[in-house]
Amino acid sequence: MSLFEYAVLAGLFYGLYFALVGVGLNLIFGVMRIINLAHGDFLMLGAYGAFYIYHLLGWNPLWAIPIELVVFLGLGLPLYYLLVPRLQKSGDPEMLSFILFFGLSQVIEALAVFAFGNDQRSIPTSVFGGAPIHIAGQIYPSSWVVSAAVALIGIVLIYLYLYHTRAGRATRAIMTERSEAVVTGISVHRVSAVAFGIGIASAALAGIFSPFMFGAIEPSMGLGITVTSFVIIVIGSLGNPLGTVLGGILYGEALMLMQTFLTSWSEMFPYVLLILILLVKPSGLLGKAVRSA
Amino acid sequence: MIRKTLLLMILGVSSLIFSLGAWAAPSVIKIGTLYAGSGNFSQASTRQYAGLQFWADQVNAKGGVYVKAYGKRIPVKLIAYNDQSSTTLAASLYNRLITQDRVHILIADYGSVLTSVAIPLAREHRILLFDETGTSGKFFRPADKNRYIVLTGLPTSSEWPKVLANFMRKLGIQRVAILYAANDWSGSQANTLKSTLKKLGADVVFFESVPDSTSSYSTILHRIAEAKPEAVAEFGYSNNDVAFLQDYASSGLYFPMLFVPNPALHFEVVRKAVGNAAMRYVYSYVAPPLIRYNREVTHGPTLDAFEAAYTKSGGRNIDLSTVAGYNTGLIVQHALAKAAKYTQESMRTAIDAFSGKIFTLDGLFKVNHEGAQIGESLPVGQILPTPSGLKLQAVFPVESAAAKYVYPQPRKP
């Protein structure tokens with residue numbers, strides 16, 4: 001198996017993980033038309049949760065999954081009612097959300113510095129057994145395979161929620177046309193609050209695996225991750241969670257192929273890809289011709 | 001006649017008042033510096049600043065620093081701003097320290113990136129820049145004829161890997177892979193290692209840079225493996241080293257020798273991040289506090305005394321950044337104690353005069369005409385298991401060696 005094939009499969013693992021990173025941001029945008037610039041900071045909090053579960057309690061970081069899903073879902077609901085309805089009453093909720101959530105991001109980062117310190121932290125990759133996993137004749141870090149598998153499960157669960165539950169159908173109705181959803185009697189705020197909670201919880205879920213995918217975690221990691229998430233969801237299509245999966249995989253493939261063959265340019269290429277896609281298809285790969293915000 | 005005498009008297013009194021004003025001692029010595037409260041450099045920068053603060057507290061407890069120009073002790077006042085690891089913000093804050101706060105002493109933030117923006121400002125305003133850890137060789141080019149910079153600790157980064165290159169050749173290593181992050185500090189080390197190895201007859205079979213923000217090295221490691229190197233040297237900031245070591249540990253790949261620079265600078269930070277298994281038998285530089293200067297010290301406390309006092313005062317465990325911050329305070333203190341006049345030029349002259357003659361907890365302080373540190377050298381160390389846990393120990397050159405190296409490194413179970 002060649003380096004090319006190695007990079008393609010590595011890109012798939014990396015891409016699935018980044019799809020999970022971005023899916024919550026896109027869900028929140030799709031339902032509420034607000035940009036959660038604190039998305040990466042919720043991921044960072046999830047990462048520290050896993051770090052402390054491992055280092056203080058000595059538990060496998062996988063135990064952080066049920067704990068953090070409950071905690072962050074619970075955090076998302078009151079946060080929604082505190083912030084979002086007020087934003088939506090304003091004349092330009094999209095722009096105002098940029099500012100408000102940027103402020104929230106800075107507050108979370110500052111508090112995290114107080115709480116966790118500035119040092120980089122991580123979790124040894126050996127928690128998943130240590131031995132790398134052989135796939136198609138190549139060797140991949142077990143942490144990557146586990147991260148990608150959990151990401152895939154998370155994305156499938158969000159898909160099942162959106163397409164096979166009553167609340168999910170209501171969520172999609174709001175994403176399609178909010179005013180019509182209100183007329184049909186959908187409790188917009190209740191459904192949106194759940195979507196907001198799911199968005200934040202998915203970020204925290206991704207955060208659990210960030211020590212393995214990013215090498216280490218630190219309080220200031222949030223903003224960079226939010227920007228990457230934004231690139232991914234714009235590539236796929238703003239407001240379309242399925243587009244995020246495609247965007248994530250494209251991002252992962254672009255990054256890994258560039259790291260393999262043009263290492264020095266690897267961090268830039270995904271952004272070149274973003275520009276190209278926006279020039280050719282401004283609404284994103286899975287976007288409609290016109291997006292009504 | 002009376003008018004002429006009166007005029008002379010007025011002139012005489014005015015010049016006396018003027019000269020008294022000029023020689024009047026300031027009530028405090030204002031020392032301006034920056035630290036990164038967040039961002040890429042925050043962990044090292046805050047530790048470095050803590051070391052400097054500790055020095056300031058210590059001298060103020062004794063009534064301040066002795067200033068030869070005034071023949072008395074004067075308290076120091078640290079004025080510090082948070083540049084958030086941003087060079088743009090740092091440039092504006094350095095300017096503020098010089099033009100608005102009018103500091104007497106200017107000390108750079110951690111590392112070459114945040115120091116780089118201070119250099120042109122210091123030169124323009126003719127204020128001596130005390131460079132704590134900005135070791136890029138570009139700062140000290142003879143062609144620039146810049147006398148307003150002094151590197152207080154660590155040699156310039158382009159000097160660091162020379163001992164490493166010699167060590168690799170001593171081991172008989174012929175094929176070396178070099179990977180580096182695209183920044184001055186890492187690039188200059190990588191280039192020096194490459195050129196020195198070539199001079200010594202070794203083959204550099206892989207030589208590439210990655211962006212600073214690289215957090216995944218898995219595919220790159222596989223590319224390196226294709227080149228079949230006997231040794232791999234990765235140069236980057238601690239975030240790069242941590243990701244590199246994490247990915248190497250889980251890659252299933254094997255290289256007989258692995259070198260990364262940051263365990264020398266922040267051993268505990270890297271160890272806590274990647275775990276013991278990923279650190280074992282990795283090579284790095286060895287710098288204070290891992291080299292402990294005690295008997296040699298002629299100026300300031302020994303390293304043991306400093307560590308005891310620092311931890312007693314509530315500080316965290318010391319690392320190179322903490323030592324660098326404290327050491328800069330010592331050099332500033334000595335410059336003020338030796339400078340005949342309270343001017344930037346006089347301080348620079350005083351530094352030249354005591355260069356090579358004082359030994360601090362950081363090593364021999366010796367700078368060249370351009371202000372580059374040439375007194376210290378960095379031996380090669382290896383992270384070896386000991387009964388009390390992992391320890392980075394000097395293994396080369398022989399005169400610095402504290403332990404026998406293990407080469408090739410054992411395969412991970």
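I'll start with conventions, then take chain B as a whole, then a serine in it.

This is a predicted model: local features need pLDDT of at least 70, side-chain atom pairs count only at pLDDT 80 or more, and totals for chains, interfaces and linings use all residues. Residues are numbered from 1 along each chain as written, chains are lettered from A and ligands numbered from 1 in written order, and side-chain values use heavy atoms, without hydrogens or water.

Chain B first. It has 14 helices and 16 strands. Those are DSSP runs, H or I of at least four residues for helices, E of at least two for strands, numbered from the N terminus.

Now dimensions. The C-alpha atoms of chain B fill a box of roughly 100 × 40 × 35 Å along the principal axes.

Burial next. Of the 413 residues in chain B, 58% are buried. Buried means under 20% relative accessible area, exposed over 50%, partly exposed in between, with a 1.4 Å probe and protein chains only.

Contacts: heavy atoms within 4.5 Å. Among contacts in chain B with a separation of 6 or more, 67% join residues 24 or more positions apart.

Now the residue. Where is B:Ser250 found? B:Ser250 sits in the loop between α9 (238-249) and β11 (257-259) of chain B. Buried or exposed? B:Ser250 is buried, because its relative accessible area is 1%. Which residues does B:Ser250 contact, leaving aside neighbours within four places in sequence? A:Thr125, A:Pro132, A:Tyr140 and A:Pro141.
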